[in-house]
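Open your viewer and get ready to click along. We will go from stop to stop, selecting a few residues each time.

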Amino acid sequence: MRARQLRARDMLRGDLEGEELERHVEEKVVMTSFERMLGWARSNSIFPLTFGLACCAIEAPIAVVGSPRYDLARFGAEALRASPRQADMIILSGRVSVKMAPVVRRLYDQMLEPKWAVSMGACSSSGGMFSNYAVVQGADKFMPIDLHIPGCPPRPEAVLYGFNKLQRKIQGNPDQGWRARYGAAGTEEWARGGPRSAPSAEGDEAYLVARELIGA
Amino acid sequence: MPDAPGLELIRGEIEQDHPGAVVDTSFAQERAVLVVDAAQVLPVLRWLRDSPGQGYRFLSSLHAADYLPAEPRFAVHYELLNRDRVERIGVKALLADPAVGDQGEGPRTDTLARPQAPPGQDPQSDLPQIDSCVSLFPTAEFQEREVFDFFGIVFRGHPDLRRILMPEDYVGWPQRRDFPMGGEPVTFTYNERNYG
């Protein structure tokens, strides 16, 4: 330990040379692109908005997932922000009523880019059991949602898993997992041929990366 | 709790002071209810509150119901409580839908199609009306707003009759039985088989 510290100090001073320098660099330095590093930094320091809508909020980062038992701090998201100006991620934890929707949308608009929205639970994803006049049938009707976590309510493990998915998404890895697990490689075309799959350069690129990742 | 004969006694006493105010009584499941003419609901409530020997001074609930196929269609329910004797009595004021009365052809189901004036601007002749009891029971203020919000029943003399739960620009009275359910149909096989 002490020897390594000394080597690092020597390197900073410019005293390290030759084979020793080579070895030090090999051990200590990782080469990557700036975008990857930025994505890595972003995904591991997410500030969720202190925000709850309904019963899912009991398990959202405010209470269970952020508590020591499940410990969202492992993934660098323990710093809850009470102001949308300082938050990166909003978790819609519960049904969004018609009256609440403009408020939620406003909170989302007040957040600074880059920002992510997670729809947690059946109610905010699809209206859930509240198929009536008072509840918005799916929060993606009025704001973009990056991630839907199913469940009523989702287990804390599911929330953590979804959070990890979001981290991977932030890092630019579009792997959704299920293609590899269910042997569905090469079957995505039917979904891409539909009327809503307008071609875009980003979409094509993400598609190719996904194919590559699953070894198709 | 007044029992069935007690309820009839109360009815008789009200009849002496306010003839024709009580239309009917019902006593079911230990629950005493006076069915009251909507135009005279305030005198009856005041009588129940202030008469010596009655003293129903606490309004524990005010709510409405829509009995759509029936006529008159709406009813506003007042649940009164005597906190000394822990006795309850219900008052039910029947209200017809004025939008049906002038047509004379049974209940209409196009509540949404009717133009709805915002409260305060129009006398709202299209909506059923009843006197507000805020002057008797101040706690009725929010409950009357809720009834107005969901059933479109106008309380005359209410200090601030606005929607309370739904957005203020909402159109329609969502708890009426002819109001569409809302939501989205879900293609479960059960729904397909039975309703598809």
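A salt bridge here is a side-chain nitrogen of Lys or Arg within 4 Å of a carboxyl oxygen of Asp or Glu. Before we start, note that this is a predicted model, in which local features need pLDDT of at least 70, side-chain atom pairs count only at pLDDT 80 or more, and totals for chains, interfaces and linings use all residues. Residues are numbered from 1 along each chain as its sequence is written, chains are lettered from A and ligands numbered from 1 in the order in which they are written, and side-chain values use heavy atoms, leaving out hydrogens and water.

**Stop 1: a pair in chain B.** Select B:Glu168 and B:Arg162, whose side chains form a salt bridge with an N to O distance of 2.9 Å. For accessibility, buried means under 20% relative accessible area, exposed over 50%, and partly exposed in between (1.4 Å probe, protein chains only). B:Glu168 counts as exposed because its relative accessibility is 54%, while B:Arg162, at 33%, is partly exposed.

Stop 2: Select B:Glu79 and B:Arg31, and look for their salt bridge at 2.5 Å, N to O. B:Glu79 sits in strand E4 (residues 74-82) of chain B and B:Arg31 in strand E2 (residues 31-37) of chain B, so this pair ties together parts 48 residues apart in sequence. Strands (E, at least two residues) and helices (H or I, at least four) are DSSP runs, numbered from the N terminus. Is B:Glu79 buried or exposed? With 15% relative accessibility, B:Glu79 counts as buried, whereas B:Arg31 is partly exposed at 36%.

**Stop 3: within one helix.** Move to chain A and pick A:Asp109 and A:Arg105, which meet in a salt bridge of 3.0 Å, N to O. Both belong to helix H4 (residues 101-110) of chain A, four residues apart, or about one turn of the helix. A:Asp109 is partly exposed at 44%, and A:Arg105 is partly exposed at 31%.

**Stop 4: a helix and what follows.** After H1(A) comes A:Gly14, with a positive phi near 85°.

Looking back, a search of the whole structure finds 15 salt bridges over all chains.
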